[in-house]
Amino acid sequence: NTDLFPQQAELAGQWNALYAYPHIEYSGFHNAMEAIARQFGDSLPVIRGDGGPYWEDGIGSDARFAALERQNESRAPTAEKLATISTIVNPHLAINRDELNSMWANMVLMDEHTWTSWNSVSDPASDEAVQQLRVKDSRATTAATLRENLLRSSMASLADSVKAGVHSIIVFNALNWKRDGEVTMDLDRGWEIADPASGHTVPFVTLEEGPNYREVEFRATQVPAVGYKVYAVRPTITSPPALQTTTATTLETPYYRVMLDPSTGSIRSLYDKQLGRELVNAASPWRFGQYLYVSGGDQEPNSILQYRAVSPKPVLQVHPAEHGRLISEERTPWGWRILMESSTENTPAIHTELRLFNNEKKIELIEDVDKKPELKKEAVYFAFPFAMSHPRFLYEIQNGVVDPEKD
C-alpha cells in the first residue's frame, strides 16, 4: 500500500549490470511458482481444501453497494456494446469516451480491495471511517449512473433507426444468442401489449398499480442475438384472463413437482420428473433455499480472530429462517409465481419469490433481505442441500474456472 517508486523497477537492471551472480529478474506469480515446483518437485507438501477468501470483511459489510457493483459488472459490457453498435448504425454519432472511461474507472476503484479507513472496525462511526466509506460507495453509484446514461442514450439512438412507428416497444437483446426473457415496464391503464406480426395479445402480469398506470411484466420470446424485437401497445380489445391463484403447498410444472415449506420460506421437496428422483437431501437440517444467519464469531479466542494452530474453532450459532408464511401463489402466462415471507435473528423480513416455468427446465429464487445493522461478526447463507452421492461444482474467478475438489 505504498506509491510505486521507479527505483524499484530499475533495481534488477542495475544489479545485473554490476554483479555476475545471482541474476535477478522480475517474475509473475505463475512463473515464480512454476520455478519453485520445478526445483522441489514431489517434496512440496500438498494441502487441499478451501482456506476461505482473504480480506472479505469489507465487501461483506457493504453488501448493498457490493450488489450494485455486481449489477454494474453485468450491465457495463452491454452499455459499451450498444454504444458501439449505435455508432455503426449511425456514423454521425460518436461514443462518449469520457463517460465510458469514467464508468470503467469507477468500477475498478470500487472493486479495489480496500474498504474504509484503518479504524473502521474499532470506530465505525468516526468521521474518517464514514467519509471514506462514502467515497468508496460513490464509485458504485457513479458507475451505475454512467452505465444507465450510456444504455438509455444508445438504445434511444438505435430505436430512432428502427421503423417501428408510434405506440411501439422495442426489446433489445445484447447477448450473442437468441433468447426469451421477462420484460418489466410501465403500461397505461386501458392499454395492452400485442405482437405486430400475429396481432395476438401478449399476456402480462401486473406487479404494481398507480392511479394511471400499471407496472407489468411480459415475456418477450425469440429476441434475436445482438438484436431486437418490436411489440406494440394498443387500447385494450380483449379482457385479460382471470388470475388463477391457489394456496396449495405442492405445485407442478412439466419438469418438477415442488413441495413448499412456508414456515421457513423455502422448499421442502424438489422432484425431477425427467430424472425420476428427489433433488433435495431430506436428512439435511436445513431446507432448500433457507436463509441462515450465523453469529458468535466474536467470542475470543477462536481461529477466525487469531491465525494460530492452537486457537480453538469458534462456537457459532446458526439462526435459520422461521415464523414464515405463504403470501400468494399466482399462475402467470409462463408458470407459477410464489411469494413467501420469513424472519430470524437480526433479520426482520426475508421476502422470497419462487418462479416455476412451464416451458423451461428452470427454477428461480429471488431473495430480498431486510437486515438490521450489526457491528459484531456475522454471516448470512442460503442453504441448498442437494441429494447427491458424488457432487461436483465449478466456480469462476477473475481469470479462470476452479474445481475446488481438484484445483
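**A look at Asn 72 and beyond**

Analyst: Let's begin with Asn 72, which counts as buried because its relative accessibility is 0%. Keep in mind that this is a predicted model.

User: Where is Asn 72 found?
Analyst: Asn 72 is in helix α4.

User: And what does Asn 72 touch, not counting residues up to four places away in sequence?
Analyst: Its contacts are Pro 77, Met 107, Ala 140, Ala 143, Ala 144 and Arg 147. Thr 145 lies 73 residues from Asn 72 in sequence, with 9.6 Å between their C-alpha atoms.

User: At what angle do α4 and α6 pack?
Analyst: Helix α4 (residues 63-89) and helix α6 (residues 127-160) pack at about 30°, and their axes are 8 Å apart. Angles under 35 degrees count as roughly parallel, so α4 is roughly parallel to α6. The crossing of the two is left-handed.

User: Which classes of residues make up the contact of α4 with α6?
Analyst: There are 14 nonpolar, seven polar and four charged residues in that contact.

User: Switching topic: is Glu 330 buried or exposed?
Analyst: Glu 330 counts as buried, because its relative accessibility is 16% and the cut-off for buried is under 20%. Its place is in strand β15 (residues 322-332). Leaving aside neighbours within four places in sequence, Glu 330 has contacts that include Val 205, Leu 243, Trp 336 and Arg 337.

User: Last one: what follows α2?
Analyst: Gly 41 does, and its phi is positive, near 55°. As for helix α2 itself (residues 29-40), its twelve residues at 1.5 Å each should span 16 Å, so the 17 Å between its end C-alpha atoms agrees.

Technical notes: Residues are numbered from 1 along each chain as its sequence is written. This is a predicted model: local features need pLDDT of at least 70, side-chain atom pairs count only at pLDDT 80 or more; totals for chains, interfaces and linings use all residues. Side-chain values use heavy atoms; hydrogens and water are left out. Helices (H or I, at least four residues) and strands (E, at least two) are DSSP runs, numbered from the N terminus. The expected span of a helix is 1.5 Å times one less than its number of residues. Axes are lines fitted to C-alpha atoms, for helices over the stretch in contact, and angles run from 0 to 180 degrees between N-to-C directions. Angles under 35 degrees count as roughly parallel, over 145 as roughly antiparallel, 65 to 115 as roughly perpendicular and the rest as oblique. A crossing is left-handed if the near helix is turned anticlockwise from the far one by less than a right angle, and right-handed if clockwise. Ala, Val, Leu, Ile, Met, Phe, Trp, Tyr, Cys and Pro count as nonpolar, Asp, Glu, Lys and Arg as charged, and the others, Gly among them, as polar. Buried means under 20% relative accessible area, exposed over 50%, partly exposed in between (1.4 Å probe, protein chains only). Contact means heavy atoms within 4.5 Å.
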